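Work through the exercises below with the sequence and the structure side by side. Try each task before reading its solution.

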Amino acid sequence: MTDVRRAIAAAMSVAASLDLPANDATVLHNSNKLTLRLTPCDVLARVAPVGQEVAQFEVELAQRLAEVGCPVRPLEPRADPRVYARDGFAVTLWTYYEPVTPPTSPVDYAKALERLHAGMREVDVPSPRFTDRIAEAAEVVANPDRSPELSDADRVFLSGRLASLRRAIDERDAMEQLLHGEPHPGNVLSTKNGPMFIDLETCCRGPVEFDLAHAPEAVCAHYPGVDQELLDACRQLVIAMVAAWRWELGDQFPQGRRFGEECLRLLRAGPPWPTLDTVTRQLDGS
């Protein structure tokens, strides 16, 4: 909580230095980054410890994508588009949107994702490949110090599944492009201006099916030209990567351990491979 208070103070200090009145801050999300709504200036602030250079990447990418008309949350127009360092924290400022109801429909979700992908094909930025994400998950599994509660049998099983899925997807030699990386429902904001994608820090290069593997089934049904076999492989891969991250020491994901156990069960049970939103709903209802 001390770090959260310091992060909030850093964000409010940055806003004040830019003549953006910030007398109060509401925590909207707290995981690897703290997301705040600052009022009365109505600015969204994202705060993380200094050293996460991905913040600069996210700012630059957001600018480039907005320029080509992609449906992404824009930066705060009353501030310079950069990363602000304050008291050991990196602060970025974004436009705040009041969420609207009903939530984005599958058709609009799919159209927005298609527009995002089309715009991303016009943007040439250095970015990691999706296989780097697999390698990060594999490192968690391989190192007992990073996943001490994962059993030896599960460690061997999950390590082998991650490696085999990487090979299987690579062997399909699908066309690759810049992707969001995690366009799941939690990263789709329903606004009066239509759906917008947020949290660009996970952007990577890969087949569009890797992005679609994070989206609900109904969304994928409205996205054109999907390679279903590749999508199935990517869905299984996402389940395996999420399983690895939920067993990482210090993971703070809600119901994280239950989620990790369920992902392992699903991998052993075999197809059909569910989407992550389906797994979440099942755990919430159990």
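The model is predicted, so local features need pLDDT of at least 70 and side-chain atom pairs count only at pLDDT 80 or more, while totals for chains, interfaces and linings use all residues. Residues are numbered from 1 along each chain as its sequence is written, and side-chain values use heavy atoms, with hydrogens and water left out.

**Exercise 1.** Describe how helix α5 and helix α9 pack.

*Solution.* Begin with the geometry: α5 (residues 152-171) and α9 (residues 256-269) pack at an angle of about 65°, and their axes lie 11 Å apart. Next, turn to the contacts (heavy atoms within 4.5 Å), where Ala153, Asp154, Phe157, Leu158 and Arg161 of α5 meet Leu264, Leu267 and Arg268 of α9. Finally, sort these by class, which gives five nonpolar, no polar and three charged residues.

**Exercise 2.** Is alanine 142 buried or exposed?

*Solution.* First locate alanine 142, which is found in helix α4 (residues 130-142). Alanine 142 then counts as exposed because its relative accessibility is 56%, given that buried means under 20% relative accessible area, exposed over 50%, and partly exposed in between, with a 1.4 Å probe and protein chains only.

**Exercise 3.** Which element gives the most to the lining of the second largest pocket?

*Solution.* Start from the lining, whose 14 residues include Asp3, Ser31, Asn32, Pro49 and Phe89 as the closest to the pocket's centre. Then compare elements: α1 (2-17) and β3 (43-49) each supply at least two lining residues, and α1 gives the most, with four.

Conventions: Axes fitted to C-alpha atoms, helices over the stretch in contact; angles between N-to-C directions. Nonpolar A, V, L, I, M, F, W, Y, C, P; charged D, E, K, R; others polar. 1 Å grid on protein atoms, 1.4 Å probe; cavity = no way out; pocket = protein on both sides within 12 Å on 5 of 7 lines; lining within 4 Å.
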